[in-house]
Structures are given as structure tokens and as C-alpha cells.
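Here's a quick walk through some helix packing, salt bridges and a surface patch. Have the 3D view open as you read.

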Amino acid sequence: MPEKKRKTPKLDELEKGAWPSFVKEIKTAAEKNAMADDLLGQLERSYEEKIGHWKHGGIVGVLGYGGGVIGRYSDLPEEFPNVSHFHTMRINQPAGWFYTSDVLRKLCDIWEKHGSGLTNMHGSTGDLVFLGTKTDELEPTFKELTDLGFDLGGSGSDVRTPSCCCGMARCEWACYDTMALTYFLTMHYQDELHRPAFPYKWKFKMSGCPNDCVAAIARSDMSIIGTWRDDIQMDKAAVTEYAKSGMNIQKDVVGNCPAKCMEWDGKEIKIDNKACVKCMHCINAMPKALSPGKDRGACILIGAKAPIVEGALLSSVLIPFIKLEPPYTELIELVGKIHEVWSENGKNRERVGEFIQRVGMGNFLEAIGVEPIPEMVAHPRENPYVFYEEYFEEEDNNG
Amino acid sequence: MAEQASVQEVSDAMYKMIRDSMGQKKWKATDLTKAVTELFGERCDKNVAKSAIRDLIESGKCVYTYFGGSFIEIPHKEGAEN
């Protein structure tokens, strides 16, 4: 326990304002944890000097696993000895982030015993993140976590911990059971999750509907986003209620439809469902009147990444519609083919989206045995040259 | 058809590759798989290579490391720890 309260004028600025402050939480932890206290000291120093003092990566982990622990060391170990090691542990979260308060207390007890007591709930990958421990504490922490029924998540060049929205547990718009699929993928890919064997990271993210609450389309190598292929369901009486209550349906619903597939005559909404692009705007605006169709499944997209500095990619359509039900055979076969082609031909640190950009979508599709279809066109081509193989064949035959 | 290489045989070959190139080359799991497939030819498939990597790690002879990507190395004292 620190004897004297540390002076942190720069960090104190981050406690001002109405919003929650991570500095306040670290200070609270620092009252009884020396690691948290030295963390404050090193962080204050970083703000003074405008330079980070962490070294990242390395050799640390638990026996048999290649992921789940991110090595971190201070480059000022003499000044801040309690954070000379400050490794992060990623804990595989339950699908949908559902915990009992009893389990949360036990998790926190484990971390106060073996680490800094500081956590992220949750990290951007989805895991429960334990921030800061020493190398010697990794195995004892892992042992207590597994005794509680938890496991480490992914890190490095492996399948990262699959994550999803709360899906059918709390949302009537879920078009497939995101939590069931997340659990299935987590169990099916245990080997790939704990033993890095790919050119770089691979993320699965599952969203139950096109609202995409986990931002799968922007962050995951394979985005599995719920959709439907029949007509939007409509409760006409509820539409009338919205109109009576003062909603401007023409301006706020029909006028904002990106596909211009809706009409409002003052009494009824008409939807050209074939032209609908499943943007969810009308459903979000009138949740009591409109809802996704009954023939529900998912769209599989490929190739997103969200790096911190540059090179962000959104994923693009690979399979426009698939029914996602156990045992998910079709999905697993597809993923297997992609992993094989990417592992065989991908460069070091090349995400699958970058790999597709390098080899070309046409070659990628041919390699994984998927036929090209119009839904895969992400945007119109930028040059005017169009080549059709049959034209060349015709020329050859005539020539 | 040639007899399939044992997991131990492939694991030993992998260990030798890693040991002999220490300090010069870092091996990813995919690199090791390609190297032993080339070395053993049809005697070694991807599943045997995968089991051999697992054997290397679980025996403690090698560990996974992270330096911008995941690699397989012989355990050593880490520079960052000093």
C-alpha cells in the first residue's frame, strides 16, 4: 500500500467534467494496490514527457497457449518497480456479455489477488480484459479462472474471441441466434483460438440484424449479420397510431429511405420489398408497426479491419443469405476453405481483407470455390475497360 | 505408399529448424508446416504438422511469442524483461 499520496496534476485534469474518469478509478485502486499506484506515476510521467513508457509483446503466456496474454513491460522499472511487468490478460467473455453478479465479484476477487485489480469491461475485441500483472502470477490466475469456468481469449495471429450482440436474449429483431453461433464457433475453433497458426488475426463477429450493434461490418474478418429475404412485417393499425400521434411519416420515414422503396398516401405505407436494402431505418423509426420478415437468416461478409492508424476496410458481401442453424455445416466448410487459402498464401501480418485486395476478389472466389454474383460488387469499377471472356473466345473463333 | 512420419519425428525436425536458425529467423506455425511438408514430402500432412507443433509447445521445448505476429521459439530470457 502506498505510504504517501502521489501528486498527479496532469492526470487530475482528466477527472474534471461530468463523465466517468479512468483516472478516478485508478486512484481508487491505488489506495490499496501498489501496481495501480505506480501506474499512476508512470502515466503522469508520460503526460509530462508526451511519450509512452511501455514495451509491448514478447514471450509471456500460460503453458500450451499462444494467445490470451499480452506482454507489457515498463521502460522505467527502477522508478516504477511495481509496473516493471504489467501484462494484460484477455478472458473469453460469455456470449452476449451476460454474467451473474456473483461471478463478477469472483472475477474481481481473482484479479485483486493476482493483479492490479483494474479491468476493461469489455475490450474492443469483446473479451473481459484484466490489466496488469507479473509473469509469475499468470499461471496462478489462469488456474483460478479455469476453476471458475473461464478460459483465456485470443491474441496474436489466431482466431480472436468470437463476439456478438445480445441477439434473441433481448432483441426482437435478431434474425438468427447470435449467442448460439458465438458459443458454437468458440468451441469449434478452440485449437485455432489458443494456438496461433494464421498469417495474422482472424475475427468473427455476429450481429443479429442489419443495425449491426457490434459493428461487425467495420471490425471483423468475417462479419455474420442477420437479415431476411421475404417482406417486412407490417401492423397497419400501429402505422395509423404513429400517424395519429403526430409522426411525420412522409418526412421522417419514407423520405429517409435510401432505396426509395416506400410510399405513404396519408393512410397506408406501401413497400416495394424487392428494392429494400435492409437498412433498418423504417423499422427503427416505427418499431411497433414494422419488423423484419419471417424468412430470417444471415448475410456473410468478409474482409473488414479497423486498425488504429490507417488502412481501415469495411467487409463486403460473400454470401448474401444463409440459414444459420446447428450444426452450421455450410458455414464451417466455407470458413475452412478460406482459412486454407489464406494460410497457404497470405503474407505475414496480412489480414484476409488485405489478402483479397492483393490477389483480387475473382481469384479469391475461385480459390475457395464460390461463384461470383452481383451482390459481391462493393462499388462500381473505376476504369472503363470491361473484359468478357466470351468476347475473346468469339474473336478467337472468328479470327 | 511411404509410411507416414510420426508426430515425434516431425516435432524433432521442427525443433532442429528452430534451434539452428535462432537469432536469424523467426518461425510462424505456417512456415514450420510448409518446411516439414517439403522435408518429409507425402510422409507428412498438415494434421501431423499441427500435432507436432502442439507437442513442441506442450512439452515446453518451444513457446509462442508475439512480435507483431505470433511466432514459435525456444524459450529464452526476454530482453524487454531486463
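Helix axes here are lines fitted to C-alpha atoms over the stretch in contact, with angles running from 0 to 180 degrees between N-to-C directions. This is a predicted model, where local features need pLDDT of at least 70 and side-chain atom pairs count only at pLDDT 80 or more. Residues are numbered from 1 along each chain, and chains are lettered from A.

In chain A, helix H4 (residues 101-114) packs on helix H5 (residues 138-147) at about 165°, with the axes 10 Å apart. That makes H4(A) roughly antiparallel to H5(A) (the label applies over 145 degrees).

Now the salt bridges (a Lys or Arg side-chain nitrogen within 4 Å of an Asp or Glu carboxyl oxygen).

| Pair | N to O distance |
|---|---|
| A:Arg6 and A:Asp38 | 3.0 Å |
| A:Glu15 and A:Lys27 | 2.6 Å |
| A:Glu344 and B:Lys46 | 3.5 Å |

A:Arg6 sits in the segment before H1 of chain A and A:Asp38 in helix H3 of chain A, 32 residues apart. A:Asp38 is buried at 6% relative accessibility, while A:Arg6 is partly exposed at 29% (buried is under 20%, exposed over 50%, partly exposed in between, with a 1.4 Å probe). The A:Glu344 bridge crosses between chains, from helix H12 of chain A to helix H3 of chain B.

Finally, A:Leu14, A:Phe22 and A:Tyr47 make a nonpolar surface patch with about 270 Å² of accessible area together. Patch members have over 30% relative accessible area and no salt bridge, and nonpolar side chains are joined within 5 Å. A:Leu14 is partly exposed at 32%.

Conventions: Side-chain values use heavy atoms; hydrogens and water are left out. Patches are made of residues with over 30% relative accessible area and no salt bridge: like charges are joined within 9 Å, nonpolar side chains (Val, Leu, Ile, Met, Phe, Trp, Tyr) within 5 Å. Accessible areas come from the Shrake-Rupley method with a 1.4 Å probe; for residues, only the protein chains shown count as cover. Helices (H or I, at least four residues) and strands (E, at least two) are DSSP runs, numbered from the N terminus. Angles under 35 degrees count as roughly parallel, over 145 as roughly antiparallel, 65 to 115 as roughly perpendicular and the rest as oblique.
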